[in-house]
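Hello,

Here is the structure I promised to pass on. Please open it alongside this message; my notes follow below.

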Amino acid sequence: MSSYIFPPAPQASVAVRGQSARYAVSRIFCVGRNYAAHAREMGSDPDREPPFYFTKPASSLAPAGSAIPYAPGTGNLHYEMELVVALGAPVFRASAEQAAAAVWGYAAGLDMTRRDLQNAAKANGRPWDLGKAFEHAAVITELVPRSESGELRAGAITLAVNGVEKQRGDLSDMIWSVPELVANLSQYYHLGPGDLIYTGTPEGVGPVQPGDQLLGVIEGLGELRLAIGQPE
Ligand code: MN
């Protein structure tokens with residue numbers, strides 16, 4: 001048995017609806033610009049780009065249903081409401097059919113983004129980590145097993161801030177479907193249980209302020225509630 005100079009960080013995990021056992025998280029992959037209207041609002045052509053990815057550390061997970069602090073180092077913290085896919089089986093160089101079978105469950109999530117830092121990174125050709133990979137940046141609800149939800153191929157995905165709707169799309173509007181995303185990502189990684197994929201956001205992203213109350217809904221899955229706290 002190994003000993004450690006410092007105690008290891010706690011295992012990152014997500015609650016599962018109706019179960020006491022939790023889903024242990026290994027990696028968090030995120031897809032950029034997977035809804036055409038959002039790709040356009042970010043200034044790109046949705047028709048010509050294959051999917052691209054960035055990651056967040058598992059330590060960036062934050063459970064929905066409570067509050068997160070307003071992130072440090074930004075004046076433009078944005079929400080991005082997304083369907084999150086949780087894998088439950090090994091998948092490597094998979095077909096879309098094999099990829100679909102590896103989906104264990106779904107959650108609703110917020111890809112919180114320090115937009116000012118992301119935009120500066122883009123402008124300078126630098127990595128997005130400061131804009132995307134920080135504490136409380138991967139907000140997530142409890143997971144719903146696919147055995148209960150069924151395949152989520154269509155259904156409204158919305159986000160309201162303080163009761164005002166800001167984002168509305170449909171899961172069927174994804175440029176790359178969930179099986180296609182998993183199959184594509186599996187060309188580059190040995191994916192498996194513990195891997196989460198944030199599947200991209202519809203149009204209407206925007207800033208939050210301390211005190212804001214967010215309510216996201218994914219039809220056929222459930223609600224995500226989050227409060228934005230004061231800066232740390
Ligand atoms: Mn996103």
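**Aromatic contacts**

Phe52, Phe54 and Trp128 are joined into a cluster by ring pairs. Keep in mind that this is a predicted model. Across the whole structure, a search turns up four aromatic pairs. Here are two of them.

Tyrosine 23 pairs with tryptophan 104. The geometry is tilted, with 5.8 Å centre to centre and 35° between the planes. Tyrosine 23 belongs to strand S2 (residues 23-24) and tryptophan 104 to strand S9 (residues 103-111), so this contact ties together parts 81 residues apart in sequence. Tyrosine 23 is buried, with a relative accessible area of 8%. Tryptophan 104 counts as partly exposed, at 30% relative accessibility.

Phenylalanine 54 and tryptophan 128 make another tilted pair. Phenylalanine 54 and tryptophan 128 are both buried.

**Charges over a ring**

Which charged residues lie over phenylalanine 134? Lysine 56 lies over the ring face, 5.9 Å from the ring centre. Arginine 114 places its charged end over the ring too, at 4.1 Å from the centre.

**The metal site**

A manganese ion is coordinated by Glu80 (OE), Glu82 (OE) and Asp111 (OD). The distances run from 2.0 to 2.2 Å. Water is not among the atoms, so the site may look incomplete. Along the chain, the donors follow the spacing E-x1-E-x28-D. Glutamate 80 and glutamate 82 are buried.

**The five-stranded sheet**

Five strands form an open sheet with mixed pairing. The order is S6-S18-S17-S13-S14. Strand S6 (67-70) and strand S14 (164-170) are the edge strands, and each pairs on one side only. From one strand to the next, the twist averages 20°.

Two of the pairings in detail:

- Strand S17 (residues 213-218) and strand S18 (residues 222-231) run antiparallel and are joined by six bridges. Leucine 215 has arginine 225 in S18 as its bridge partner.
- Strand S13 (residues 156-161) pairs with S14 in the antiparallel sense, over six bridges. Leucine 159 has glutamine 167 in S14 as its bridge partner.

The hairpin of S13 and S14 has two residues between the strands. There, asparagine 162 takes a positive phi near 50°.

**The three-stranded sheet**

Another open sheet has three strands, in the order S10-S7-S16, with antiparallel pairing. Strand S10 (113-114) and strand S16 (206-207) each have a single partner strand, so one side of each is left without a neighbour in the sheet. Strand S7 (residues 77-79) and S16 pair over two bridges. Histidine 78 stands opposite proline 207 in S16.

Best wishes

Terms used
Residues numbered from 1 in each chain as written. Predicted model: local features only at pLDDT ≥ 70, side-chain atom pairs only at ≥ 80, totals over all residues. Heavy atoms only, no water. Donors = N, O, S within 2.8 Å, 3.2 Å for Na, K, Ca; no water. Buried < 20%, exposed > 50% of the residue type's maximum accessible area, 1.4 Å probe, protein only. Phe/Tyr/Trp six-rings, centres within 6.5 Å; stacked < 30°, edge-to-face > 60°. Helix = DSSP H or I, 4+ residues; strand = E, 2+ residues; numbered from the N terminus. Lys NZ or Arg CZ within 6 Å of the ring centre and 35° of its normal. Pairing = 2+ DSSP bridges. Axes fitted to C-alpha atoms, helices over the stretch in contact; angles between N-to-C directions.
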